[in-house]
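Hi everyone, thanks for making time.

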Amino acid sequence: MNFLVLVKQVPDTEKVKIDPNTGTLVREGLDITMNPLDAHALELAVSLKEKFGGSVTVLSMGPMNTVDVLRNAIALGADRAILLSDVALAGSDTWATSLALARTIQKLSIQYDLLICGEKSIDGETGQVGIELATLLNLPAISYVSELIEIGRDFVLVRRSVEDAHEIWKAPLPVCLCVLKSVAEPRLPTLSGKKKAMDAKIEIYNVKDIKIDPEEVGLKGSPTRVVKVFNTKVSRNCTIYEDKDVPEGINRLAELIRRTLAGEPV
Amino acid sequence: MIVVLNNRVDRNSFELLSKARKLADKAFMKLVFLLISNSKKNIEELVRFGPDVVILALHERFERFSLDPFLSTSKKILEKYSPSIVLAPATTFGRTLMPALAASFRTGLTADCTELDVDEKGNLLQTRPAIGGNVMATIVTPFHRPQMATVRPGVFEIEEQKKRNTIFVEEPVENPEDRCQLVRVEPKQAGAKLEEAKIIVSVGKGLRKKENVELAFRLASLVKGAVGASRAVVDARWLSHDHQVGLSGKTVKPKIYIAAGISGAVQHLAGMQTSEIVVAINKDRHAPIFRVADIGIVADASWALSELIRRLERDDDGSRR
C-alpha cells in the first residue's frame with residue numbers, strides 16, 4: 001500500500017508576533033514548521049504503512065528551506081521526500097499550486113493508493129489545494145474525513161464529518177482524502193528517525209525538470225490577484241470596570257442583558 | 001450573471017442571495033439561484049430574496065453531498081449558462097464542490113470571503129482574512145471566468161426584496177455517476193446554534209478548568225443564548241468544534257457577545273468583531289480583547305460569570321413575585 005502526503009511549510013504561528021502599531025505580521029526571525037494539520041495526515045499514512053506495509057512519500061512545493069520540513073517528515077516515518085522548488089512558482093495561488101503538484105505527481109509517476117491532505121494550512125487557510133489537485137488528477141475525493149475505519153485492497157471506508165451528520169463512505173482506491181485532525185495524533189520523532197532524516201536524500205526538482213511551463217504557474221499562471229491588503233479596524237471604545245468598580249460592571253451587563261431580552265434598545 | 005449555488009434552501013442561501021442581489025443590481029447582472037438537491041423543500045421562499053431565475057437540478061442522488069455527481073451536474077449547468085460570478089457558502093458543501101469546479105474551469109477561487117463588491121468592470125472584489133486573520137486581503141480574478149468565491153456563513157444580513165417575477169427552470173439530470181458510495185448516515189446532535197443566538201457567552205482558557213464551562217451553559221440557558229469558545233478551549237477538548245468562534249470556527253454577530261476568559265487572539269477576533277456589543281471579562285487588564293470590547297470587566301472570568309448568573313436569577317425571582 002502506497003501513501004502520498006502533501007505537506008506545506010508554514011511560519012511557526014506559536015511565535016508569530018503582531019506589530020502593535022501597524023497590526024501587521026512581524027516576519028523577522030520567523031521559524032518555519034510543518035503545517036500542523038499536515039502532521040495529522042502524515043501520521044495517518046505512517047501508521048497505516050506500519051500496519052499494512054508499503055511506503056510513504058511526502059510531497060511539497062515551496063522555497064528551498066522546505067527541505068527542513070521534509071527532513072522532519074522523514075524523521076516522523078516518511079520514506080521518500082520530494083520538493084518542487086523554483087522561483088517561477090512564487091506567488092502561485094491554489095489553482096497554480098494544484099497544477100504544479102499534479103504535473104509533478106504525473107511526471108515522476110509517483111505511485112499511491114491514498115493521497116492524503118490536511119484539511120487546510122494554518123497560513124493560507126483556504127483548504128482548496130487537496131480538492132483542486134484531486135480534480136486535476138481525476139481522482140475521487142472525500143473531504144472532512146474524521147476517521148479512517150477500514151482499508152482493503154481496493155477500497156477504503158471512512159467517516160466524514162459534516163454540519164449535521166457523520167457519514168460513512170466507501171471509496172475506491174486510489175482516492176484523495178482531505179482529513180481532519182482527529183484521524184491520527186502525530187508522534188514525536190525518535191532519535192533513530194532523526195538520524196535517518198539527517199542522511200536522507202531529499203529529491204528536489206524545478207519547473208524544467210517537471211516540464212512545467214513557467215507561464216502556467218507562479219503569479220503569472222494564477223487566476224487570482226491580491227489587489228489590496230489592509231488592517232482590520234478592530235478598536236472599540238471600551239469602558240473598563242476594575243477593582244472596586246467590578247460589581248458595577250456586572251450590574252451594567254445584567255441590565256444590558258435584561259433589556260436585550262425584553263427587546264428594548266440598548 | 002451571478003449564480004448562487006447550494007444544495008439546500010437555507011439561511012446560507014438567503015444570506016448569499018441578499019448580498020448577490022445588491023451586486024447584481026450594481027453590475028447590471030442577472031441573479032440566478034442554482035439548487036442541486038433531492039427536494040424542492042422551501043423553494044417558494046427563495047422569491048423573497050430576489051433571484052431573477054431559480055434553476056433546479058433535482059435527483060435522488062443529491063440527498064447528501066458527494067463530489068462526483070454534484071461536480072458533473074453543476075459543471076454541465078454552469079457551462080450552459082456561463083455565469084460571470086459563482087458564489088457558494090463556505091460550508092463543507094461549498095468548500096468541497098467549489099475547488100473542484102474552479103479546477104475544472106481553470107479559474108480562481110477565493111475561500112471564506114467576508115466581504116464582496118463589484119467594480120465598474122464587473123470584477124468581483126473578494127475580501128477575506130489573510131495571514132492567520134492578521135490582515136484583510138482583497139482578491140480579484142481579472143482574466144478568468146467564472147469568478148468564484150465561497151462566503152462565510154453569518155457575515156451577510158438576510159434582506160427581503162420586493163417581489164419580482166422569478167422564473168423557475170428545471171434542468172434535467174441524467175443519472176449522475178459516483179465513484180464513492182454512501183454507506184450510512186449518523187445524525188449529529190443539534191449544534192451550538194451560534195449563528196442565530198442573540199446573546200453568546202464565549203469561553204476561553206481563562207475559565208481555568210473544564211468544569212467551569214458549565215457556568216457558561218447555565219448563563220446561556222438563562223439568557224436563551226448560545227455558548228461559544230476560543231480555539232484553545234476546543235483544542236483542550238473542553239468543548240466541541242461546533243462551538244468555536246473565529247477564523248477556523250464560526251463567524252457570529254449577536255446583539256451581545258460576552259468573551260469570558262478569552263485573551264483575544266486575532267483569529268478569534270476575526271469571528272466576533274461583527275457583534276453589536278462586546279463585553280470582555282478577563283483578569284489581565286492588558287489582554288487584547290479589551291481593545292475590541294465596549295464593556296470591559298477586569299476580573300476572574302469564572303467568578304464574574306457566577307456573579308452574573310446570581311444577579312440574573314435574582315431578577316428572575318423578582319419578576320415572578
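Before anything else, a word on classes: I count Ala, Val, Leu, Ile, Met, Phe, Trp, Tyr, Cys and Pro as nonpolar, Asp, Glu, Lys and Arg as charged, and the others, Gly among them, as polar. Now the housekeeping. This is a predicted model, where local features need pLDDT of at least 70, side-chain atom pairs count only at pLDDT 80 or more, and totals for chains, interfaces and linings use all residues. Residues are numbered from 1 along each chain as its sequence is written, chains are lettered from A and ligands numbered from 1 in the order in which they are written, and side-chain values use heavy atoms, with hydrogens and water left out.

Cavities, then. Rolling a probe the size of a water molecule over the atoms shows where empty space is left. By cavity I mean a set of points, on a 1 Å grid over the protein atoms alone, where a 1.4 Å probe fits but cannot get out; lining residues have an atom within 4 Å of a point.

Which residues line the largest cavity? From chain A we have A:Ala141, A:Ile142, A:Ser143, A:Arg160 and A:Trp169, and from chain B there are B:Phe65, B:Ser66, B:Leu67, B:Thr96 and B:Cys180. By class, that lining has 6 nonpolar, 3 polar and 1 charged residues. Strand β9 of chain A, residues 141-151, gives the largest share of it, 3 residues. Helices here are DSSP runs of H or I with at least four residues, strands are runs of E with at least two, and both are numbered from the N terminus.

On to helix packing. Axes are lines fitted to C-alpha atoms, for helices over the stretch in contact, and angles run from 0 to 180 degrees between N-to-C directions. Contact means heavy atoms within 4.5 Å. The α4(A) side brings A:Ile131, A:Glu132, A:Thr135 and A:Leu136, while α3(B) brings residues including B:Pro99 and B:Ala103. The tally is 6 nonpolar, 3 polar and 1 charged.

Inside chain A, the axes of α3(A), residues 94-107, and α4(A) come within 9 Å and cross at roughly 50°, so this pair is oblique too. A:Glu132 and A:Leu136 are among the α4(A) residues in this contact. Its residues divide into 8 nonpolar, 4 polar and 1 charged.

What about α2(A), residues 66-75, and α5(A), residues 191-199? They pack at about 135° with axes 7 Å apart, which makes them oblique. A:Arg71, A:Ile74 and A:Ala75 meet residues of α5(A) including A:Lys194 and A:Met198, and the contact has 4 nonpolar, 1 polar and 3 charged.

Last, some backbone. The bond from A:Leu173 to A:Pro174 is cis, omega near -5°, with A:Pro174 in the loop between β11 and β12 of chain A.

Terms used
1 Å grid on protein atoms, 1.4 Å probe; cavity = no way out; pocket = protein on both sides within 12 Å on 5 of 7 lines; lining within 4 Å. Parallel < 35°, antiparallel > 145°, perpendicular 65-115°, else oblique.
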